[in-house]
Amino acid sequence: MPIPPHNSDSSAPIDRARLLEVTEGDAAFEKQLFQVFLNDMRQRFARLALALNSDNHTEAILECHSVKGAAGNIGALPLRLAAERCESAVRSRNLDLGRSAFDEMQAELDRVVEIAEKLGA
């Protein structure tokens, strides 16, 4: 079952219009897309946490950038924006701000997970 449409609230974890554009309304593909996305995010978040904790700017930037792109692809705008803030902070060598943005990313990913779970992903 596809996720239900929502109003145009930009704070919603998923932009339904973007997701429909990507999946063309195919509920099975939507579920599979979320499964792949979440598996990828688990790995990327683990690497990003390690990079931030070890002051590895290069790896942290790479992971933030990848999360930002993947989130944008499925319409997870708040997650994409949090990843953008994290990437920007790390690029400017402000790891404290990067860690704070990472916490925001985790909270936004949790919201996406709630939607994915409703789909059975």
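The following exercises, with worked solutions, concern a predicted model.

**Exercise 1. The crossing of α1 and α2**

Determine how helices α1 and α2 are oriented to each other, and which residues form their contact.

Solution. Two packed helices are described by the angle between their axes and the distance between the axes. Step one is to take these two values: the axes of α1 and α2 come within 9 Å and cross at roughly 105°. Step two is to classify the angle; values of 65 to 115 degrees count as roughly perpendicular. The two helices, α1 and α2, are therefore roughly perpendicular to each other. Step three is to list the residues that meet: α1 contributes Arg16, Leu19, Val22 and Thr23, while α2 contributes Phe29, Glu30, Leu33 and Phe34. By residue class, the contact of α1 with α2 comprises 5 nonpolar, 1 polar and 2 charged residues.

**Exercise 2. Thr23 and Glu30**

Solution. Begin with Thr23, which belongs to helix α1 (residues 16-23). The cut-off for a buried residue is under 20% relative accessible area. When neighbours within four places in sequence are set aside, its contacts are Phe29, Glu30 and Leu33.

Proceed to Glu30, which is located in helix α2.

**Exercise 3. The aromatic pair**

Identify the aromatic pair in the structure and classify its geometry.

Solution. The structure holds 1 aromatic pair. Its members are Phe45 and Phe102, whose ring centres are 5.6 Å apart and whose planes stand at 45°, so the pair is tilted. Finally, consider accessibility. Phe45 counts as buried because its relative accessibility is 5%, and Phe102 counts as buried at 13%.

**Exercise 4. Gln32**

Assign Gln32 to an accessibility class and state its separation from Arg18.

Solution. Gln32 lies in helix α2. Its relative accessible area is 46%, and Gln32 is therefore partly exposed. As for the separation, Gln32 and Arg18 are 14 residues apart along the chain, and their C-alpha atoms are separated by 16 Å.

Technical notes. Residues numbered from 1 in each chain as written. Predicted model: local features only at pLDDT ≥ 70, side-chain atom pairs only at ≥ 80, totals over all residues. Heavy atoms only, no water. Helix = DSSP H or I, 4+ residues; strand = E, 2+ residues; numbered from the N terminus. Contact = heavy atoms within 4.5 Å. Phe/Tyr/Trp six-rings, centres within 6.5 Å; stacked < 30°, edge-to-face > 60°. Buried < 20%, exposed > 50% of the residue type's maximum accessible area, 1.4 Å probe, protein only. Axes fitted to C-alpha atoms, helices over the stretch in contact; angles between N-to-C directions. Parallel < 35°, antiparallel > 145°, perpendicular 65-115°, else oblique. Nonpolar A, V, L, I, M, F, W, Y, C, P; charged D, E, K, R; others polar.
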